[in-house]
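Visitor: Please take me through this structure. I would like to start with the helices and then move on to the sheet.

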Amino acid sequence: MEIIPYQPYIDPEFESLIERIHPPRVCIDNDAYQDCTLVKVDSANKHGILLEMVQVLTDLELVISKSYISSDGGWFMDVFHVTDQLGNKLTDETLILYIQQALCASRRGGGASSEVQKCLKRDVRPRHVSTENTALEVTGVDRPGLMSEISAVLYELGCHVPAAVAWTHKTRAACIFYIEDGLEGRPITAPEMLAHVEEQLEIVVGAHHGEGETRSVRLTTPMPGRTHTERRLHQLMYADRDYELCRGCDGGAGHWNGCTRTHVLIDSCKERGYSVVNIKCIDRPKLLFDTLCALTDLQYVVFHAAISSKGCFADQEYFIRQTDGCTLDTESQRQKLTQCLIAAIERRVSHQGLRLEICTQNRMGLLSDVTRAFRENGLSVSMSEIGTNGEKATGSFYVMDASGHDVNQRTVELLKQEIGGSVLVVNKSSNRTSQVSSVSLSRSSSGGGSLEDRPKFSLGNLLWSRLERLSGNFSLI
């Protein structure tokens with residue numbers, strides 16, 4: 001006789017009931033510190049809420065220099081130290097209202113009101129995220145001309161590409177193209193057309209793959225609540241197992257001072273039943289977002305965390321468990337998480353080459369023309385993102401020659417003539433991380449000293465004292 005275990009019925013309205021009793025609260029404080037704005041949030045907790053809130057702030061291109069997080073007992077409390085890209089506090093009242101509405105709405109899966117977005121006079125949607133277009137996702141071996149070949153096939157099939165993003169990492173490539181019917185400007189939803197596009201692209205992507213090498217081509221029709229594009233790129237590269245080749249620095253604490261490699265240490269906190277993850281690396285924009293993408297999608301729950309930056313370096317400490325309540329008890333679990341975190345941190349900045357910013361007239365086949373110009377001039381694209389706004393198209397491309405060397409000035413001039421519009425040479429990616437970090441984080445911490453000299457984070461001495469002091473600014477509901 002089969003014994004069916006008892007499973008109590010839980011009303012699906014229970015979660016929304018808790019939220020109605022204790023709605024999310026967002027407090028934005030410009031008085032506590034002279035050099036940053038505090039964004040303080042308390043809310044009923046759910047898996048992934050921390051990533052959703054960080055996503056709201058990073059989509060606004062804001063810099064998070066510190067954060068303190070606690071989410072025990074079904075309640076979530078977070079404090080972000082935030083500035084704009086120039087290191088200034090947030091003083092725009094419309095921006096502050098937008099953040100308050102968006103953070104509260106992220107708990108319910110919505111967004112800020114359309115009236116506030118109009119008053120803000122800027123597009124604050126996640127860049128290159130489209131719920132109106134068909135999404136094409138491609139993963140495979142990175143090789144010169146791959147993006148050019150894909151975009152050429154799409155053009156020949158009558159598909160327009162209003163937005164696309166591509167990353168490369170550890171010999172692998174992941175691309176997301178948002179496509180629509182080139183003649184009617186509508187999403188492609190006809191099953192026979194989707195099947196034909198997918199078949200042709202399978203041929204292109206698989207043309208240069210060796211035996212046993214993995215690849216994928218996937219088309220999805222428009223849908224609400226589509227995953228954030230950059231988070232989806234992380235998911236695609238993880239599924240492609242790019243993390244298996246990742247190695248951090250194993251030199252120990254003595255190598256933290258000035259080391260530009262990523263350090264990940266995983267210990268256990270047995271008295272509280274947590275696994276403790278410490279990450280030390282070069283700081284950069286969206287670092288916190290990328291780290292949380294890995295933890296969330298690997299089904300880890302962050303119960304407490306303390307994040308800070310000092311000079312060009314960032315220090316992150318997370319107290320985590322798996323969603324089933326277990327900690328990381330085996331060496332294989334710890335090794336895989338270490339590799340996945342290093343991969344998530346490296347993907348956005350692993351590209352090499354010259355950065356070109358392009359602004360030109362939006363037209364059918366634009367991406368095919370641009371990437372063909374790169375290929376015909378012997379250049380390879382290591383990272384790219386392109387989007388459209390009305391009649392204008394803007395994009396950012398990291399390019400290098402086939403041997404991995406710098407692009408010479410003569411080739412750049414030829415590209416400007418072939419592409420048309422505005423082509424701006426920004427800088428070389430090898431210096432990008434340090435340049436951005438030194439500008440955006442010079443105000444984040446006072447005093448000198450290296451990471452090696454700084455005492456390790458302690459929840460007892462740092463996180464709890466911060467949260468207790470800041471929680472006094474939340475009024476009771």
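Guide: A word on naming before the details: helices here are DSSP runs of H or I with at least four residues, and strands are runs of E with at least two, numbered from the N terminus. The model is a predicted one.

Visitor: Which residues of α10 are buried?
Guide: Helix α10 spans residues 366-376, and its buried residues are Leu-366, Leu-367, Ser-368, Val-370, Thr-371, Ala-373 and Phe-374.

Visitor: Now the sheet. In what order do the strands run?
Guide: Eight strands make up an open sheet, in the order β1-β2-β4-β3-β11-β12-β10-β9, with antiparallel pairing. From one strand to the next, the twist averages 20°.

Visitor: Which strands stand at the edges?
Guide: Those are β1 (25-29) and β9 (263-269). Each has a single partner strand, so one side of each lacks a neighbour in the sheet.

Visitor: How many bridges join β1 to β2?
Guide: Five, and the two strands run antiparallel. Within this pair, Arg-25 has Asp-42 in β2 as its bridge partner.

Visitor: What about β4: how many of its residues are buried?
Guide: Eight of the nine residues in β4 (75-83) are buried, and the strand is mostly covered. Strand β2 (37-44) is joined to β4 by eight bridges in an antiparallel arrangement, and there Lys-40 stands opposite Val-79. Strand β3 (63-70) also pairs with β4 in the antiparallel sense, over seven bridges, with Lys-66 opposite His-81.

Visitor: How many residues lie between the strands in the hairpin of β3 and β4?
Guide: There are four, and in this hairpin Gly-73 takes a positive phi near 70°.

Visitor: Which strands does α2 lie across?
Guide: Helix α2 (residues 49-59) lies across β2, β3, β4 and β11 (300-310), and it runs at about 20° to β4. Another helix on the sheet is α9 (residues 331-347), which lies across β9, β10 (274-282), β11 and β12 (313-322) at about 140° to β9.

Visitor: Staying with α9, at what angle does α7 cross it?
Guide: The axes of α7 (residues 229-239) and α9 cross at roughly 130° and come within 11 Å. The two helices are therefore oblique to each other, and α7 passes α9 in a right-handed crossing.

Visitor: Which residues meet there?
Guide: From α7, His-234, Met-237 and Tyr-238 meet Lys-336, Cys-340, Ala-344 and Arg-347 of α9. By class, the contact of α7 with α9 has four nonpolar, one polar and two charged residues.

Visitor: Back to backbone angles. Where does Arg-241 lie?
Guide: Arg-241 lies in the loop between α7 and β9. Although not a glycine, Arg-241 has a positive phi of about 60°.

Visitor: And what is the phi of Lys-286?
Guide: Lys-286, likewise not a glycine, has a positive phi of about 65°. Lys-286 lies in the loop between β10 and α8 (287-297).

Visitor: Is Lys-286 buried or exposed?
Guide: Buried: its relative accessible area is 14%, and the cut-off for buried is under 20%. Arg-241, in contrast, is partly exposed, with a relative accessible area of 46%.

Note on methods:
Residues are numbered from 1 along each chain as its sequence is written. This is a predicted model: local features need pLDDT of at least 70, side-chain atom pairs count only at pLDDT 80 or more; totals for chains, interfaces and linings use all residues. Side-chain values use heavy atoms; hydrogens and water are left out. Buried means under 20% relative accessible area, exposed over 50%, partly exposed in between (1.4 Å probe, protein chains only). Two strands pair if DSSP finds at least two bridges between them. Axes are lines fitted to C-alpha atoms, for helices over the stretch in contact, and angles run from 0 to 180 degrees between N-to-C directions. Contact means heavy atoms within 4.5 Å. Angles under 35 degrees count as roughly parallel, over 145 as roughly antiparallel, 65 to 115 as roughly perpendicular and the rest as oblique. A crossing is left-handed if the near helix is turned anticlockwise from the far one by less than a right angle, and right-handed if clockwise. Ala, Val, Leu, Ile, Met, Phe, Trp, Tyr, Cys and Pro count as nonpolar, Asp, Glu, Lys and Arg as charged, and the others, Gly among them, as polar.
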